[in-house]
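This report is for a reader new to the structure shown below.

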Amino acid sequence: MNTGRFPIFVTFLLMFFSGPVHALGPKARTCLELAASPADQMLPDGVAGVPFGQIDTATAIRACEIAAELAMNEGTDISLLTYTLGRAYQAAQKYTKARVAYEVSATENNPLALNNLASLYYEGAGVEQDF
């Protein structure tokens, strides 16, 4: 299985995460507009979220990978962006990458990431089924 650069990217995200949520830049906003959950209470004003089945996965993954990397480099909160990236991966059925993104977000106690991570284990999607 080819996981590409993503595990290295996540390692850097975990190593360099710091700081509270700041005003989101345009790249982060684009990510959220493409793949954020409508149920996410952390969304900024004007971002409504996208129903899971309507995520344009290729565009969202590209935008969210860039946004998460920029946030990491800026030392801002990446929990919302990595959760949103996980949704895009899950919608694209890239379950291993979704799991890793959700785990990063879950380390910051993002409840939606914890829920989606649990659903991957429950369904056995990209992980050994565990329930």
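## Helix 4 and helix 6

For the packing described here, axes are lines fitted to C-alpha atoms, for helices over the stretch in contact, and angles run from 0 to 180 degrees between N-to-C directions. The model is a predicted one. In it, helix 4 (residues 79-91) packs with helix 6 (residues 111-123) at an angle of about 30 degrees, and their axes are 10 Å apart. Angles under 35 degrees count as roughly parallel, and helix 4 is therefore roughly parallel to helix 6. The crossing of helix 4 past helix 6 is left-handed.

On the helix 4 side, the residues that meet helix 6 are Tyr 83, Arg 87 and Gln 90. On the helix 6 side they are Leu 112, Ala 113, Asn 116, Ser 119 and Leu 120. Sorted by class, this contact has 4 nonpolar, 3 polar and 1 charged residues.

## The buried face of helix 2

Helix 2 spans residues 26-35, and Ala 28, Cys 31, Leu 32 and Ala 35 in it are buried. Viewed down the axis of helix 2, the buried residues fall within an arc of 95 degrees, so they line one face of the helix. Helix 3 (57-74) and helix 4 are among what covers them.

## Leu 32

Leu 32 belongs to helix 2. Its relative accessibility is 0%, so Leu 32 counts as buried. Apart from neighbours within four places in sequence, Leu 32 is in contact with Leu 24, Leu 43, Pro 44, Val 47, Leu 80, Leu 81 and Thr 84. Leu 32 and Leu 80 are 48 residues apart in sequence, while their C-alpha atoms are 8.5 Å apart in space.

Technical notes. Residues numbered from 1 in each chain as written. Predicted model: local features only at pLDDT ≥ 70, side-chain atom pairs only at ≥ 80, totals over all residues. Heavy atoms only, no water. Helix = DSSP H or I, 4+ residues; strand = E, 2+ residues; numbered from the N terminus. Parallel < 35°, antiparallel > 145°, perpendicular 65-115°, else oblique. Left-handed = near helix turned anticlockwise from the far one by under 90°. Contact = heavy atoms within 4.5 Å. Nonpolar A, V, L, I, M, F, W, Y, C, P; charged D, E, K, R; others polar. Buried < 20%, exposed > 50% of the residue type's maximum accessible area, 1.4 Å probe, protein only. Arc of directions from axis to C-beta.
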